[in-house]
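Please look through the sequence and the structure shown here before reading on.

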Protein chains: 2
Amino acid sequence: MVTLEDAHATLERHWRVQSRKVEVSLDEAAGLALAEDVVSKLDVPPFDRAVFDGYAVHAADTFGAGEESPVELVRVGSVRAGQWPKFRVGRRQCTEIATGAPIPRGANAVVMLEHAITSAKVVQVFRAVAPAENIAERGSEIKRGTRVLRAGEVITPQVLGTLAAIGRKRVKGYAPPKVAVISSGAELVGAGSPLKRGKIYDVNGPAICQAVELCGGEPCYLGIARDEPRSIATLVKRGLAAHDVVVLSGGSSAGVGDIAPVVIDRMGKPGVLVHGLAMKPGKPAFVAVVRGKPVFGLPGYPVSALMVFDQLVAPYLRRLSGLPQAERAKVRVKLMAKILSTRGRRELVPVRLVRKGREGYAEPLFKGSGAITALALADGYIDVPLEREIVEENSIVEVILFGGGAVG
Amino acid sequence: MVTLEDAHATLERHWRVQSRKVEVSLDEAAGLALAEDVVSKLDVPPFDRAVFDGYAVHAADTFGAGEESPVELVRVGSVRAGQWPKFRVGRRQCTEIATGAPIPRGANAVVMLEHAITSAKVVQVFRAVAPAENIAERGSEIKRGTRVLRAGEVITPQVLGTLAAIGRKRVKGYAPPKVAVISSGAELVGAGSPLKRGKIYDVNGPAICQAVELCGGEPCYLGIARDEPRSIATLVKRGLAAHDVVVLSGGSSAGVGDIAPVVIDRMGKPGVLVHGLAMKPGKPAFVAVVRGKPVFGLPGYPVSALMVFDQLVAPYLRRLSGLPQAERAKVRVKLMAKILSTRGRRELVPVRLVRKGREGYAEPLFKGSGAITALALADGYIDVPLEREIVEENSIVEVILFGGGAVG
């Protein structure tokens, strides 16, 4: 039995977390982490643009203009956004220009619409402008050759917009790790199949698949292994062949529970590194490395499987995805009933959040609540450290929320 | 000019938020909100099951057993998980049974493996068990006919596991609203296309599409409308024909910015309900209802478009998706430079989060930072209320984080 921290350390001595990179088009990029520093090949804006609707002028021609002493300029042509002006604005001339339109040659400032009065051929300007005034100059936002985004940034709407702005069509991101999900148990039947006598539906397969997605992974449910060596070996081999990580749950009863680690240990070096965590739940959990890939074994009890997944597997899926280990979403509430824990053993206690009057409470879901009831009710769990024996009723506890809920 | 709250109220007088329902298989259901109360058609567990590995017995046969006075039972057969026992356990008999295996007829309790010693034909039992001890009885977790999940619950791994447990193959959820996203501006070119002179890349299209996804919507980018009536009308009509909501950004410069609301107002009653929010940014924003569907107009400046989307559009997409209006992810940090705001106007100020020594700060991104720079840097925004004229440097402010970041 080793602590969770030791299990992580042991795994990392035998397996180097290496992310795969993938090049995708912008419309597939949302939510990935960037796997490249992004350098702009473009000046942004790519030309001098008007910042307001108004008149493009020689700034010098407006010097001295005021409310009482307008300057008169001859109006030539007009430039709308998206057009490229082929004419030149001569001295004492001006041209009508729209926000975002390119500044024609000869002009070097824009007089805002509201500071001018126009007639057929002549524009009266009531306010002087300095050179470059009301112009966004070429490259003023991003100079060609500048790094605009760093590898590791997560592609949010803002990052996607920035990539679009510099004309990127495709971008390199970290590939979502492919995760093979296997349930083990001779009594299990896949969701929705007819239920023969003596069988129950597999709960962990679908639940762990969604949990994988919420850490940026790409789950693939390989189905159900019987609790016997050949069936487990076949599915784990299939998992190792085409995926980055294998997650197996169940197969953990005292009679047959040791089959999976034994079978997996035989599949290659270094094999099983950890079997049994000094944590409740965690006794049947194991960690192996086979063919250079990690294989995680989770308890069969659904709430336990999800809590151990969260602590043991999720951090690696986030790292493989290139996603930051975001602070988990937590809430601080009062404890509804005291928790007794074994000294010297860390304990994860599933709870549901309830409201009593104005206050939020965490109600521990003890073993009495069955596997499915606890699953349907659990909102998260409390992490009771090694040295605590009792957490008192009404004390303030921190609940780690289920549901991938990471803040930020 | 109306307040954001009035804009919402006006919209809701003319448009009733009605979500569509959709029936999906469990593997497509993750993240949707349930559109039905889920009643179990199954007892869970569906039969009396052993909770531990051990021996199924008549409880009465073990009465009086103790460490010093074992009871001897005749061993008959064995039941593994997933098997259906065809035999009956007679008085003074027992059968080997695995965790999760069905209790054979005749037996009514399970003696744990560690409380018995077995030889070829005989099992010595060292501890008495009560009737039903170590058995999970049929229906003890969920009785057939019980409601296990309520409409409105979001499908998390736990909910998905619960649906699987009761044998559901398909489930009714709220359909992600289809959102047509249109960018408007004669100078705009789609991401990755060649950039002709006078043109710039469309930033809002991709950014708003991802923002739509993060509120549970299904975005569809319809492309770029020129700033002229026919082009806008064509795309908005296409949007209304096949989507639940239309979101248009840009087309907001003083010269041409009024085209979109005018065009859309002509497309049907009640037409444009609000044009201009008493909020900065928000002057060019509009809200219309045409053919029973809402059309939202957002500013062209990318950071403004995302902030107004967040305040004006996102709440409806969440409601259409059946998702709760989750508390937005916020952080409380010190303000790095004072903000001057216009009294009587609410102001959303984009900021980036920076760390100075041990403290987190919000650095306001003022207009000086260009559209794209601000976009790449912004982590969120501060909501400065109507009555505030100044927010002092080093005061504590609440930053609403971008990125759909909802807690829980």
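**Strands, a helix and an interface**

Strand 8 of chain A pairs with strand 9 (residues 122-125) of chain A in the antiparallel sense, over three bridges; helices (H or I, at least four residues) and strands (E, at least two) are DSSP runs numbered from the N terminus, and two strands pair if DSSP finds at least two bridges between them. This is a predicted model, in which local features need pLDDT of at least 70 and side-chain atom pairs count only at pLDDT 80 or more, while totals for chains, interfaces and linings use all residues. Residues are numbered from 1 along each chain as its sequence is written, and chains are lettered from A and ligands numbered from 1 in the order in which they are written.

In strand 9 of chain A, Val125(A) is the bridge partner of Ala116(A). An open sheet of six strands in chain A has the order 7-4-6-5-9-8, with mixed pairing. Strand 7 (109-112) and strand 8 (116-118) of chain A stand at its edges with a single partner strand each, so one side of each is left without a neighbour in the sheet.

Strand 13 (residues 178-184) of chain A is largely enclosed by the rest of the structure, because six of its seven residues are buried, that is, have 20 or more other C-beta atoms within 10 Å of their own, where 12 or fewer would count as exposed and values in between as partly exposed, with C-beta atoms placed from the backbone. Strand 13 of chain A runs parallel to strand 16 (residues 218-225) of chain A over seven bridges, with Ile182(A) opposite Gly223(A). Six bridges also join strand 13 of chain A to strand 17 (residues 245-250) of chain A, again in parallel, and here Ser183(A) has Ser249(A) as its bridge partner.

In chain B, helix 5 has the buried residues Ile232(B), Leu235(B), Val236(B), Gly239(B) and Leu240(B). Seen down the axis of helix 5 of chain B, these buried residues fall within an arc of 140 degrees, so they line one face of the helix; the arc is that of the directions from the helix axis to the C-beta atoms. The face turned away from the buried side of helix 5 of chain B carries the exposed residues Arg230(B), Ala241(B) and Ala242(B).

Between the chains, 74 residues of chain A are in contact with 74 residues of chain B, contact meaning that the C-beta atoms of two residues, placed from the backbone, lie within 7 Å. Helix 3 of chain A gives the largest share of the side of chain A that touches chain B, seven residues.
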